[in-house]
Amino acid sequence: ELQRALVDAQKRELMVTMIGGIAHNCNNYMSSIQGFAYLGNKLAQEEKIKHYFSQISHASERNADLIRRLMKVAHPANRAETEFDLVNAAHQTIETAQALLPEHIELTLRVPDGTKCMVKGKAHDIEQALLNLVTNSRDALKGIKDARIMVEILMTTKTPNNCQKYCPRLNYCPVNTRNNVITKVEDNGIGISEEIQDKIFTPFFTTKGPDKGTGLGLASVSQVVDWLGGAIWVTSRANVGTQFNICLPRSADT
(Lines give C-alpha, C1' and ligand atoms only; values in the text may rest on other atoms or scores of the structure.)
Protein backbone atom coordinates (compact mmCIF):
# COMPACT_ATOMS: atom_id res chain seq x y z
CA GLU A 1 0.00 0.00 0.00
CA LEU A 2 2.89 2.37 0.76
CA GLN A 3 4.43 1.62 -2.65
CA ARG A 4 1.10 2.33 -4.35
CA ALA A 5 0.82 5.58 -2.38
CA LEU A 6 4.35 6.55 -3.54
CA VAL A 7 3.49 5.85 -7.19
CA ASP A 8 0.27 7.86 -6.84
CA ALA A 9 2.24 10.74 -5.31
CA GLN A 10 4.76 10.66 -8.17
CA LYS A 11 1.94 10.66 -10.74
CA ARG A 12 0.31 13.57 -8.97
CA GLU A 13 3.59 15.53 -8.85
CA LEU A 14 4.09 15.00 -12.58
CA MET A 15 0.50 16.00 -13.30
CA VAL A 16 0.82 19.15 -11.17
CA THR A 17 4.06 20.15 -12.95
CA MET A 18 2.39 19.68 -16.32
CA ILE A 19 -0.72 21.60 -15.21
CA GLY A 20 1.43 24.51 -14.03
CA GLY A 21 3.23 24.77 -17.38
CA ILE A 22 0.05 24.51 -19.44
CA ALA A 23 -1.81 27.02 -17.26
CA HIS A 24 1.02 29.57 -17.43
CA ASN A 25 1.14 29.49 -21.25
CA CYS A 26 -2.65 29.47 -21.60
CA ASN A 27 -2.84 32.47 -19.29
CA ASN A 28 -0.62 34.49 -21.64
CA TYR A 29 -2.68 33.57 -24.70
CA MET A 30 -5.96 34.22 -22.87
CA SER A 31 -4.84 37.72 -21.84
CA SER A 32 -4.15 38.49 -25.51
CA ILE A 33 -7.56 37.15 -26.60
CA GLN A 34 -9.36 39.19 -23.92
CA GLY A 35 -7.46 42.36 -24.90
CA PHE A 36 -8.23 42.06 -28.61
CA ALA A 37 -11.87 41.17 -27.88
CA TYR A 38 -12.19 44.34 -25.79
CA LEU A 39 -10.67 46.48 -28.57
CA GLY A 40 -12.83 44.80 -31.20
CA ASN A 41 -15.99 45.45 -29.23
CA LYS A 42 -15.00 49.09 -28.71
CA LEU A 43 -14.18 49.76 -32.37
CA ALA A 44 -16.97 47.74 -34.02
CA GLN A 45 -19.74 49.75 -35.67
CA GLU A 46 -22.44 47.11 -36.06
CA GLU A 47 -24.31 45.73 -33.06
CA LYS A 48 -24.06 42.22 -34.52
CA ILE A 49 -20.23 42.45 -34.57
CA LYS A 50 -20.20 43.90 -31.05
CA HIS A 51 -22.26 40.89 -29.95
CA TYR A 52 -19.69 38.50 -31.44
CA PHE A 53 -16.86 40.21 -29.58
CA SER A 54 -18.92 40.11 -26.36
CA GLN A 55 -19.34 36.37 -26.80
CA ILE A 56 -15.56 35.99 -27.25
CA SER A 57 -15.00 38.02 -24.06
CA HIS A 58 -17.50 35.90 -22.13
CA ALA A 59 -15.98 32.61 -23.28
CA SER A 60 -12.42 33.79 -22.62
CA GLU A 61 -13.37 34.95 -19.11
CA ARG A 62 -14.72 31.47 -18.35
CA ASN A 63 -11.47 29.99 -19.63
CA ALA A 64 -9.46 32.49 -17.57
CA ASP A 65 -11.35 31.38 -14.47
CA LEU A 66 -10.51 27.75 -15.27
CA ILE A 67 -6.84 28.71 -15.69
CA ARG A 68 -6.84 30.46 -12.29
CA ARG A 69 -8.18 27.28 -10.72
CA LEU A 70 -5.53 25.25 -12.52
CA MET A 71 -2.78 27.51 -11.23
CA LYS A 72 -4.14 27.27 -7.70
CA VAL A 73 -3.94 23.47 -7.91
CA ALA A 74 -0.41 23.64 -9.34
CA HIS A 75 1.04 26.29 -7.01
CA PRO A 76 0.31 26.01 -3.28
CA ALA A 77 -0.63 29.22 -1.52
CA ASN A 78 1.56 30.86 1.08
CA ARG A 79 1.36 28.63 4.15
CA ALA A 80 1.93 31.31 6.77
CA GLU A 81 1.42 30.11 10.32
CA THR A 82 -1.86 31.90 10.88
CA GLU A 83 -4.83 30.39 12.71
CA PHE A 84 -8.57 30.43 12.17
CA ASP A 85 -11.66 29.12 13.93
CA LEU A 86 -13.00 26.14 11.93
CA VAL A 87 -16.45 26.47 13.55
CA ASN A 88 -16.73 30.07 12.36
CA ALA A 89 -15.46 29.09 8.88
CA ALA A 90 -18.16 26.40 8.70
CA HIS A 91 -20.85 28.95 9.59
CA GLN A 92 -19.56 31.29 6.85
CA THR A 93 -19.60 28.44 4.32
CA ILE A 94 -23.19 27.49 5.18
CA GLU A 95 -24.34 31.09 4.70
CA THR A 96 -22.72 31.21 1.25
CA ALA A 97 -23.95 27.74 0.28
CA GLN A 98 -27.58 28.55 1.09
CA ALA A 99 -27.65 30.91 -1.89
CA LEU A 100 -26.36 28.17 -4.23
CA LEU A 101 -28.82 25.44 -3.25
CA PRO A 102 -32.37 24.97 -4.60
CA GLU A 103 -35.14 25.25 -2.04
CA HIS A 104 -35.91 21.52 -1.91
CA ILE A 105 -32.45 20.67 -0.46
CA GLU A 106 -32.20 20.87 3.33
CA LEU A 107 -28.77 22.08 4.52
CA THR A 108 -27.86 21.68 8.19
CA LEU A 109 -24.77 22.37 10.30
CA ARG A 110 -23.83 20.52 13.48
CA VAL A 111 -21.01 22.07 15.50
CA PRO A 112 -19.90 21.87 19.15
CA ASP A 113 -21.93 24.40 21.16
CA GLY A 114 -20.01 27.50 22.20
CA THR A 115 -16.67 25.97 21.27
CA LYS A 116 -13.89 27.38 19.16
CA CYS A 117 -11.80 25.00 17.11
CA MET A 118 -8.53 26.64 16.10
CA VAL A 119 -6.69 25.25 13.07
CA LYS A 120 -3.46 26.51 11.50
CA GLY A 121 -3.88 27.86 7.98
CA LYS A 122 -6.18 30.25 6.12
CA ALA A 123 -9.94 30.27 6.65
CA HIS A 124 -10.57 31.13 2.98
CA ASP A 125 -8.96 27.87 1.84
CA ILE A 126 -11.12 25.59 4.01
CA GLU A 127 -14.26 27.62 3.23
CA GLN A 128 -13.62 27.11 -0.50
CA ALA A 129 -12.98 23.40 0.07
CA LEU A 130 -16.21 22.93 2.05
CA LEU A 131 -18.15 24.92 -0.54
CA ASN A 132 -16.81 22.61 -3.25
CA LEU A 133 -17.99 19.57 -1.30
CA VAL A 134 -21.45 21.08 -0.68
CA THR A 135 -21.93 21.93 -4.38
CA ASN A 136 -20.81 18.40 -5.30
CA SER A 137 -23.49 17.08 -2.96
CA ARG A 138 -26.03 19.42 -4.57
CA ASP A 139 -25.27 17.92 -7.99
CA ALA A 140 -25.65 14.39 -6.56
CA LEU A 141 -29.12 15.23 -5.21
CA LYS A 142 -30.89 16.00 -8.48
CA GLY A 143 -34.18 14.15 -8.59
CA ILE A 144 -33.82 12.93 -4.96
CA LYS A 145 -36.84 13.27 -2.67
CA ASP A 146 -36.20 14.66 0.84
CA ALA A 147 -32.73 15.78 -0.33
CA ARG A 148 -30.40 16.56 2.58
CA ILE A 149 -26.84 17.82 3.09
CA MET A 150 -25.30 17.87 6.55
CA VAL A 151 -22.00 19.47 7.59
CA GLU A 152 -20.77 18.26 10.97
CA ILE A 153 -17.69 19.09 13.05
CA LEU A 154 -16.38 16.55 15.58
CA MET A 155 -13.54 17.12 18.04
CA THR A 156 -11.45 13.95 18.31
CA THR A 157 -8.43 12.66 20.20
CA LYS A 158 -6.14 10.19 18.51
CA THR A 159 -6.69 6.83 20.21
CA PRO A 160 -7.14 3.37 18.65
CA ASN A 161 -10.85 3.33 19.51
CA ASN A 162 -11.54 6.79 18.10
CA CYS A 163 -9.50 6.23 14.95
CA GLN A 164 -11.19 2.90 14.23
CA LYS A 165 -14.56 4.58 14.70
CA TYR A 166 -13.95 7.45 12.28
CA CYS A 167 -11.10 6.70 9.89
CA PRO A 168 -10.18 3.84 7.52
CA ARG A 169 -6.44 4.76 7.58
CA LEU A 170 -5.53 2.28 10.31
CA ASN A 171 -2.09 1.52 8.83
CA TYR A 172 -0.91 5.08 8.24
CA CYS A 173 -1.91 8.50 9.58
CA PRO A 174 -0.70 11.73 7.96
CA VAL A 175 -2.12 13.94 10.74
CA ASN A 176 0.71 14.56 13.19
CA THR A 177 -1.20 15.72 16.26
CA ARG A 178 -2.97 13.95 19.06
CA ASN A 179 -5.95 16.33 19.09
CA ASN A 180 -7.76 16.53 15.77
CA VAL A 181 -11.04 17.70 14.28
CA ILE A 182 -13.11 15.85 11.71
CA THR A 183 -15.40 17.77 9.36
CA LYS A 184 -18.03 15.69 7.58
CA VAL A 185 -20.04 16.69 4.52
CA GLU A 186 -22.78 14.10 4.05
CA ASP A 187 -25.65 13.79 1.58
CA ASN A 188 -28.33 11.23 0.69
CA GLY A 189 -27.70 11.45 -3.05
CA ILE A 190 -26.91 8.93 -5.77
CA GLY A 191 -23.55 7.95 -4.27
CA ILE A 192 -20.16 7.21 -5.84
CA SER A 193 -19.43 3.76 -7.22
CA GLU A 194 -16.66 1.84 -5.47
CA GLU A 195 -14.74 1.44 -8.75
CA ILE A 196 -13.98 5.17 -9.05
CA GLN A 197 -13.63 6.22 -5.40
CA ASP A 198 -9.82 6.08 -5.58
CA LYS A 199 -9.82 8.35 -8.68
CA ILE A 200 -12.09 11.21 -7.63
CA PHE A 201 -9.29 13.41 -6.23
CA THR A 202 -7.24 13.14 -9.46
CA PRO A 203 -7.10 16.41 -11.45
CA PHE A 204 -9.46 16.42 -14.46
CA PHE A 205 -11.25 13.22 -13.42
CA THR A 206 -15.01 13.80 -13.52
CA THR A 207 -18.16 11.81 -14.11
CA LYS A 208 -20.08 14.94 -15.15
CA GLY A 209 -20.72 15.96 -18.73
CA PRO A 210 -18.25 18.17 -20.63
CA ASP A 211 -20.23 21.34 -19.86
CA LYS A 212 -20.96 20.43 -16.24
CA GLY A 213 -17.60 19.92 -14.53
CA THR A 214 -13.86 20.46 -14.95
CA GLY A 215 -12.58 17.69 -12.68
CA LEU A 216 -10.71 20.23 -10.55
CA GLY A 217 -13.11 20.69 -7.62
CA LEU A 218 -12.13 17.63 -5.56
CA ALA A 219 -8.48 17.93 -6.66
CA SER A 220 -8.37 21.44 -5.16
CA VAL A 221 -10.11 20.19 -1.99
CA SER A 222 -7.45 17.50 -1.60
CA GLN A 223 -4.72 20.11 -2.17
CA VAL A 224 -6.14 22.39 0.56
CA VAL A 225 -6.29 19.48 3.01
CA ASP A 226 -2.63 18.73 2.23
CA TRP A 227 -1.69 22.38 2.89
CA LEU A 228 -3.41 22.18 6.29
CA GLY A 229 -1.57 18.98 7.25
CA GLY A 230 -4.70 16.86 7.19
CA ALA A 231 -6.28 13.85 5.49
CA ILE A 232 -9.43 13.37 3.42
CA TRP A 233 -11.37 10.23 2.56
CA VAL A 234 -14.77 9.30 1.22
CA THR A 235 -17.34 6.65 2.11
CA SER A 236 -20.24 6.10 -0.25
CA ARG A 237 -22.94 3.65 -1.26
CA ALA A 238 -24.86 3.74 -4.52
CA ASN A 239 -28.35 5.26 -4.11
CA VAL A 240 -27.77 5.74 -0.37
CA GLY A 241 -25.42 8.71 -0.15
CA THR A 242 -21.88 9.98 0.21
CA GLN A 243 -19.81 11.22 3.13
CA PHE A 244 -16.60 13.21 2.70
CA ASN A 245 -14.43 13.37 5.81
CA ILE A 246 -11.65 15.88 6.46
CA CYS A 247 -9.39 15.29 9.47
CA LEU A 248 -7.26 18.29 10.49
CA PRO A 249 -4.84 18.90 13.37
CA ARG A 250 -6.15 21.21 16.07
CA SER A 251 -3.78 23.88 17.31
CA ALA A 252 -2.61 24.00 20.92
CA ASP A 253 -5.01 26.87 21.74
CA THR A 254 -8.13 24.78 21.21
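Mentor: One term before we start: a polar contact is a pair of N or O atoms within 3.5 Å, where, within protein, one must be able to donate a hydrogen and the other to accept it. Keep in mind, too, that this is a predicted model.

Trainee: Okay, so what does a side-chain oxygen of Asp 85 reach at the start of α3?
Mentor: The backbone nitrogen of Val 87, to within 3.1 Å.

Trainee: And how many residues does α3 have?
Mentor: Helix α3 has 13 residues, 86-98. From first C-alpha to last, α3 reaches 18 Å, close to the 18 Å expected at 1.5 Å a residue.

Trainee: Which residues of α3 are buried?
Mentor: Leu 86, Val 87, Ala 89, Ala 90, Thr 93, Ile 94 and Ala 97. They cover an arc of only 155 degrees around the axis, so they sit on the same side of α3.

Trainee: What do those buried residues pack against?
Mentor: Their partners include the strands β1 (83-85), β2 (106-110) and β3 (118-120). Helix α4 (123-140) is another partner, along with strands β4 (148-157) and β5 (179-187).

Trainee: Let's zoom out. How many helices and strands are in the protein chain?
Mentor: Six helices and seven strands. Along the sequence, the pattern is α-α-β-α-β-β-α-β-α-β-α-β-β.

Trainee: And what share of the residues is buried?
Mentor: Buried residues make up 38% of the 254 in the protein chain. As for contacts with a separation of 6 or more, 74% of them are between residues 24 or more positions apart. The chain exposes about 15200 Å², with carbon and sulfur atoms supplying 53% of that.

Trainee: What about Ser 236, where does that lie?
Mentor: In strand β6, residues 231-237. Ser 236 is buried too, with a relative accessible area of 16%.

Trainee: Which backbone atoms does the side chain of Ser 236 meet?
Mentor: A polar atom of that side chain lies 2.7 Å from the backbone nitrogen of Ile 192. The side chain of Ser 236 also reaches the backbone oxygen of Gly 241, at 3.1 Å. Beyond four places in sequence, Ser 236 touches Gly 191, Ile 192, Gln 197, Gly 241 and Thr 242.

Trainee: New topic: how many aromatic pairs does the structure hold?
Mentor: One. The ring centres of Phe 201 and Phe 244 are 6.2 Å apart and the planes are at 80 degrees, so the pair is edge-to-face. Phe 201 lies in the loop between β5 and α6 (217-227) and Phe 244 in strand β7 (residues 241-249), so the pair ties together parts 43 residues apart in sequence.

Trainee: Are those two buried or exposed?
Mentor: Phe 201 is buried, with a relative accessible area of 16%, and Phe 244 is buried with 4%.

Trainee: Last one: which residues other than glycine have a positive phi?
Mentor: Asp 146 is one of them, with phi near 50 degrees. Asp 146 is in the loop between α4 and β4 and counts as exposed at 63% relative accessibility. Asn 239 also has a positive phi, about 65 degrees. Asn 239 is in the loop between β6 and β7, and its 67% relative accessibility makes it exposed.

Technical notes: Residues numbered from 1 in each chain as written. Predicted model: local features only at pLDDT ≥ 70, side-chain atom pairs only at ≥ 80, totals over all residues. Heavy atoms only, no water. Helix = DSSP H or I, 4+ residues; strand = E, 2+ residues; numbered from the N terminus. Expected span 1.5 Å × (residues − 1). Buried < 20%, exposed > 50% of the residue type's maximum accessible area, 1.4 Å probe, protein only. Arc of directions from axis to C-beta. Contact = heavy atoms within 4.5 Å. Phe/Tyr/Trp six-rings, centres within 6.5 Å; stacked < 30°, edge-to-face > 60°. Areas by Shrake-Rupley, 256 points an atom, 1.4 Å probe, with all protein chains shown as cover.
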